[in-house]
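Q: Can we go through this model together? I'd like to start with the helices and then move to rings and cores.

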Amino acid sequence: MPNPASPAPAQRPRLSACIIAFNEADRIGDCLASLAFCDEIVVVDSFSTDATVAVAKAAGARVLQRAFDGFRSQKAFCVEQANHDWVLCLDADERVDATLRAAIEAERDAGFPRAKGYRFARCSEYFGRFLRHGTAYPDRVLRLFDRRHGGWRGDREIHEAVSVDGSIALLQGDLLHHPYRSFLQLLDKKQKYARMMAEHEFSRGKRASLGKLIISPTWRFFRSYVFKRGFLDGWPGLIEAFVSANYVRQKTIMLWLLQNGQPVATPVFPGERQP
């Protein structure tokens, strides 16, 4: 845990950890514990109904609450609230492993000399196994950066990413990712993401076609399971390849529905309760 009584050495930059959360009481504690080397931790909570806020405060985080209006917007807001310009952004279901922590600390102690932003691998746990093959790994993400030179930019609220004006370096170690609590939650989450991405693509003028519906999901499966050797991850690798292909299929179908004026979700009329 960051100790305000022990200031960071004057020769190195201070580092803020930035996390967004909603109903993550069962997972955010491990996330925050992995960030004990940071000089402060900022959590932006979307009015959780569980003990997320209490757990975060007990871990020493500074907690702010803000209505959720998109992943990118929420993360950008969190970065703006940090007290320091160098920020490390995580989701509540992610943790910094020991190797990555050592690499970040070494760069920080040297003054982040190599770049304005740093990438590192993200390793996802999938039903009892960390995937080391397929399209799921190394899944390098840019999460450590100087906010004076970059941030969560653009207008895409799904599959959001950081961009940096300047050089980017690669760090050793993994960001450990625990994205799903159950298979049904996995399917619900992928369906939600497919809808958000379809709406984004539709707003940008993209359109679905029969060829995309047939070819794209098939290519996604073979690329992940065969060409990227997802089969080496056993059953979890096979499930991941199928679920990823299904995400592409759902996104394409939803895009076709939108461009043809058909409902993607059940309409809710005035006076009705949403199921």
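Q: Which residues are buried in α5?
A: Leu186, Lys190, Tyr193, Ala194, Met197, Ala198, His200 and Glu201 are buried in α5. Buried means under 20% relative accessible area, exposed over 50% and partly exposed in between, with a 1.4 Å probe and protein chains only. Helices (H or I, at least four residues) and strands (E, at least two) are DSSP runs, numbered from the N terminus.

Q: Before we go on, what kind of model is it, and what are the ground rules?
A: This is a predicted model: local features need pLDDT of at least 70, side-chain atom pairs count only at pLDDT 80 or more, and totals for chains, interfaces and linings use all residues. Residues are numbered from 1 along each chain as its sequence is written, and side-chain values use heavy atoms, with hydrogens and water left out.

Q: What span should α5 have?
A: At 1.5 Å a residue, the 21 residues of α5 (183-203) should span 30 Å. The end C-alpha atoms are 30 Å apart, which agrees. The expected span is 1.5 Å times one less than the number of residues.

Q: What comes just after α5?
A: Glycine 205, with a positive phi of about 90°.

Q: Now α6. Which residues are buried there, and what covers them?
A: Pro217, Phe221 and Ser224 are buried in α6. Their cover includes α7. The 18 residues of α6 should span 26 Å, and its end C-alpha atoms are 24 Å apart, which agrees. Arginine 229 follows α6, and its phi is positive, near 60°.

Q: Switching to rings. How many aromatic pairs are there?
A: A search of the whole structure finds 13. Rings of Phe, Tyr and Trp (its six-membered ring) pair if their centres lie within 6.5 Å; planes under 30 degrees apart count as stacked, over 60 as edge-to-face and the rest as tilted. One of the pairs is phenylalanine 68 with phenylalanine 71, edge-to-face at 5.0 Å centre to centre and 75° between the planes.

Q: What about phenylalanine 221 and phenylalanine 242?
A: Their pair is tilted: 4.7 Å centre to centre, with 35° between the planes. Phenylalanine 221 lies in α6 (210-227) and phenylalanine 242 in α7 (234-259), so the pair ties together parts that are 21 residues apart in sequence. Phenylalanine 221 is buried, at 14%.

Q: Which residues form one aromatic cluster?
A: Phe221, Phe222, Tyr225, Phe231 and Phe242.

Q: Which arginines lie over the face of a ring?
A: Arginine 66 lies over the face of phenylalanine 77, 4.8 Å from the ring centre. Arginine 132 lies over tyrosine 137, at 5.0 Å. The cut-off: NZ of Lys or CZ of Arg within 6 Å of the ring centre and within 35 degrees of the ring normal.

Q: Cores next. How many residues has the largest nonpolar core?
A: It has 34 residues, and those with the most contacts inside it are Ile19, Leu32, Leu35, Val43, Leu88 and Leu144. Strand β1 (15-21) gives the most to this core, with four residues. Another core, of 26 residues, lies apart from it, with Cys78, Tyr193, Ala198 and Met254 among them. A nonpolar core is a set of buried Ala, Val, Leu, Ile, Met, Phe, Trp, Tyr and Cys residues joined through side-chain atoms within 4.5 Å.

Q: Last one. Where is glutamine 74, and what is in contact with it?
A: Glutamine 74 is in helix α3. It is buried, at 0% relative accessibility. Leaving aside neighbours within four places in sequence, glutamine 74 is in contact with Ile20, Val44, Ser46, Arg66, Ala67, Phe68 and Asp69.

Key:
Contact means heavy atoms within 4.5 Å.
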